[in-house]
Amino acid sequence: MRVAIIGGGPGGLYAAALLKRLDPTREITVWERNAPDDTFGFGVVLSDETLGGIEHADPVVYQAMCAEFVRWDDIDIVHRGARHTSGGHGFAALGRKRLLEILHDRCRALGVELRFRSEAPHPDELARTHDLVVAADGINSTVRETYADVFGPRVTSHRCRYIWLAADFAFDAFRFDIAETEHGVMQLHGYPYASDASTVIVEMREEVWQAAGFAELDEAGSVERCAKIFAEALRGRPLRSNKSAWTTFRTVTNEHWSHGTTVLLGDAAHTAHFSIGSGTKLAVEDALALAACLEEQPSLDKALAAYEEERRPVVASTQRAARASLEWFENLGLYLGQPPRQFAFNLLTRSRRVTHDNLRLRDARFTGAVEREFGCPDGTPPMFTPFRLRGLTLRNRVVVSPMDMYSAVDGLPGDFHLVHLGARALGGAGLVMTEMVCVSEEGRITPGCTGLYTTEQADSWRRITDFVHAQSPGTAVGVQLGHSGRKGSTKLMWEGMDEPLEDGNWPLAAASALPYKPGSQTPRELTRTQLAELREQFTAAARRAAGAGFDLLELHCAHGYLLSGFLSPLTNRRTDAYGGSPANRLRFPLEVFDAVREVWPAENPMTVRISATDWAEGGTTAEDAVEIARAFAAHGADAIDVSTGQVVSDERPAFGRSYQTPYADRIRHRVGVPVIAVGAISSWDDVNSLILAGRTDLCALARPHLYDPHWTLHAAAEQGYDGPGVVWPEPYRAGSRRPRTGRTDTPKQRLTLGS
């Protein structure tokens with residue numbers, strides 16, 4: 001096999017060494033346009049997991065690297081004169097130049113041909129003359145652009161400028177230093193990579209960079225200015241550069257990673273922001289996977305397919321974490337007013353890969369200090385602290401999220417709803433929410449939706465709230481009121497979600513006469529007279545809800561239903577006072593809110609659920625959502641329940657762990673209103689992390705409560721918590737300890753006898 005590798009960075013070199021070591025008969029050539037001692041950047045950080053793979057695959061490289069490593073455990077966060085240290089993290093780094101030397105030596109020893117100061121031939125020519133072409137030619141990959149129609153690259157630029165520099169001394173920890181300047185916030189990321197050297201990255205938003213005058217400075221001027229700004233962190237010492245230039249981070253993704261016998265590796269295939277780790281780490285892991293797949297698979301095409309199948313989900317997960325970290329630093333200004341330790345905890349958990357429980361294991365003293373500053377009594381996880389909304393105090397931060405059950409008849413909640421909501425109330429959550437309860441028969445999504453448009457329905461709901469209050473004292477129960485708008489008259493979810501009924505349809509009404517998707521019924525555009533009738537339907541339902549004994553009322557202004565349809569420019573095309581500008585699109589939802597608030601008991605809280613983005617071009621954006629939340633808060637909303645999407649059928653959501661939380665976080669800090677975070681929050685560790693970091697006040701969980709109605713009770717048991725934040729019903733108390741599984745009486749080995 002003849003192998004051509006384009007790019008002599010760590011990923012390309014390590015791939016060359018592995019492929020040659022696994023089969024010495026392979027003819028492997030590496031083309032690198034730069035000289036062997038040219039490099040950009042300074043240090044490289046590698047995880048224990050990556051090092052384990054290197055040790056197994058090539059002990060020679062591993063031993064050479066280990067001899068050079070600088071290791072440390074601590075992370076320092078310095079903000080407003082306070083330095084907070086968290087230990088137990090475990091890092092290993094070495095100089096990038098030394099890493100390249102190790103890989104050069106290994107490649108030469110194995111017989112790999114290294115061609116420096118050499119432009120690689122055109123990819124077409126290499127593909128004709130070689131059996132495999134590995135494109136490890138970096139973020140500006142020529143190969144990727146040559147075959148862009150096949151690879152389908154997407155390159156996204158972000159909001160911050162940064163520059164790679166170095167200091168001639170070793171930090172004693174991974175250091176984050178925050179500088180609040182007259183021009184805006186700047187941050188330093190620093191870590192040692194040798195006994196006498198550290199990498200220093202200075203980063204700031206584009207507008208701060210412009211205001212500070214960096215655009216007018218040359219390389220030397222930028223280096224000097226950065227050293228002055230961060231003089232305390234640098235102990236008054238200078239910084240140095242290495243062809244350093246300010247740049248904007250770009251996230252690279254590709255629809256496909258291979259084309260014929262050509263395959264992408266490292267930054268050519270994907271990038272991840274430096275704030276969660278090294279791009280070198282991903283490239284080395286790519287090389288390990290590619291070499292393994294070539295060994296394991298019977299043909300080249302199957303090997304390349306297996307390589308992509310193995311690496312794509314790992315990279316996607318890393319990129320989601322990197323994006324969360326990147327956006328946290330982009331929005332760093334939001335968090336400057338947090339208490340010092342909470343700020344440090346927020347920074348450490350920004351990517352959602354380091355969590356409360358994980359951090360507690362690494363450094364219990366630091367995490368305990370954060371909890372005490374937050375107000376957690378001893379032994380109380382953050383999720384079990386109380387929270388007050390108007391006259392209602394929730395005993396913990398867990399909410400059973402509204403979930404449509406589609407199991408009503410004529411809008412009546414029945415035995416199913418009693419058991420469903422009653423079980424979750426017994427399960428320990430602080431607040432249990434109903435599904436969207438419709439304000440009229442025409443406002444139902446499906447024939448199975450519940451309502452509050454008749455006295456009989458109100459009486460049925462009273463049966464449920466009485467059960468909750470009697471059998472689970474201290475648990476609050478909330479009602480979510482809404483109207484389906486253009487998304488009504490559809491089949492039950494399991495029969496075809498959002499599909500029109502085959503018969504028995506009812507007419508739809510919406511902000512504008514736009515069907516939800518092709519084949520959907522076209523709604524009529526509501527007249528002013530009909531808007532007034534709708535307001536009365538909402539207020540009548542709210543009166544019934546109060547009489548039915550609900551503790552909290554949520555107005556559903558999300559997911560493309562009627563009120564949401566007024567908020568989004570994609571669904572509101574009106575030309576009257578209820579359409580056009582953001583203020584006009586808000587007008588009717590605010591009128592409904594005001595009307596409901598007027599009849600809802602003054603001591604009871606009222607929340608609003610919104611879609612913080614439409615996940616579609618031209619739709620509601622995160623900035624729009626801040627203003628929508630601000631408007632509702634100004635009208636008296638006690639909290640904003642922050643969801644996203646489901647407004648238009650051609651949305652393109654970016655799913656992932658806790659993927660909607662950043663929208664809640666932004667609203668909480670920009671508007672100063674309590675928020676409820678929702679969306680792929682699945683573990684009690686996630687809840688503790690989000691609450692303690694100050695990203696949300698309450699966490700709403702849906703599917704975890706379908707999987708386990710007693711999710712909150714079990715979360716308490718698993719954390720060893722037994723306090724006022726969660727109360728086991730007396731009949732269940734015998735089950736408050738986690739059941740044992742398997743044998744525990746096996747004799748332990750105590751003596752080792754010699755032969």
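Start with T712, which touches F384, N396, V398, G427, G428, A429, H705 and V726, leaving out residues up to four places away in sequence. Keep in mind as you look around that this is a predicted model. T712 sits in helix α25, which covers residues 711-718. Is T712 buried or exposed? With a relative accessible area of 0%, T712 is buried.

Two of the names in that list, A429 and H705, lead on to another residue. V400 also touches A429 and H705, and its other partners are R424, L431, V432, M433 and L701, again not counting residues up to four places away in sequence. You'll find V400 in strand β20, made of residues 398-400. V398, one of the residues that T712 touches, belongs to that stretch too. V400 counts as buried, at 1% relative accessibility. How far apart are the C-alpha atoms of V400 and G428? They are separated by 9.7 Å, and the two residues are 28 apart along the chain. G428 is also among the residues that T712 touches.

Now hop over to Q338. Where does Q338 lie? Look in the loop between α11 (300-330) and α12 (340-348). Q338 has a relative accessible area of 9%, so with the cut-off for buried at under 20%, it counts as buried. Its side chain makes a polar contact of 3.4 Å with the side chain of Q342. Which residues is Q338 in contact with, leaving aside its neighbours within four places in sequence? They are F343, N346, H669, A693 and G694. F343 and N346 fall within the residue range of α12.

So far we've been visiting buried residues, including T712 and V400. R80 is found between β5 (75-79) and β6 (82-86), and K243 has its place between β14 (239-240) and β15 (247-254). Are these residues buried or exposed? R80 is exposed, with a relative accessible area of 55%, and K243 is exposed as well, at 53%.

There's something else to notice about this pair. Most residues other than glycine have a negative phi. R80, however, has a positive phi, near 50°. K243 isn't a glycine either, and its phi is positive too, at about 55°.

Time to step back and take in the whole chain. How many helices and strands are there? The chain has 25 helices and 29 strands. Its radius of gyration is 29 Å, close to the 27 Å that the globule rule gives for 755 residues, so the chain is as compact as a globular protein of that length. Along its principal axes, the C-alpha trace spans about 85 × 65 × 60 Å.

What share of the 755 residues is buried? Buried residues make up 58% of them. Contacts across the sequence are worth a look as well: among those between residues at least 6 apart in sequence, 71% join residues at least 24 apart.

Technical notes:
Residues are numbered from 1 along each chain as its sequence is written. This is a predicted model: local features need pLDDT of at least 70, side-chain atom pairs count only at pLDDT 80 or more; totals for chains, interfaces and linings use all residues. Side-chain values use heavy atoms; hydrogens and water are left out. Helices (H or I, at least four residues) and strands (E, at least two) are DSSP runs, numbered from the N terminus. Buried means under 20% relative accessible area, exposed over 50%, partly exposed in between (1.4 Å probe, protein chains only). A polar contact is a pair of N or O atoms within 3.5 Å; within protein, one must be able to donate a hydrogen and the other to accept it, and residues adjacent in sequence count only if both atoms are side-chain atoms. Contact means heavy atoms within 4.5 Å. The radius of gyration is taken over C-alpha atoms; the globule rule is 2.2 Å times the number of residues to the power 0.38.
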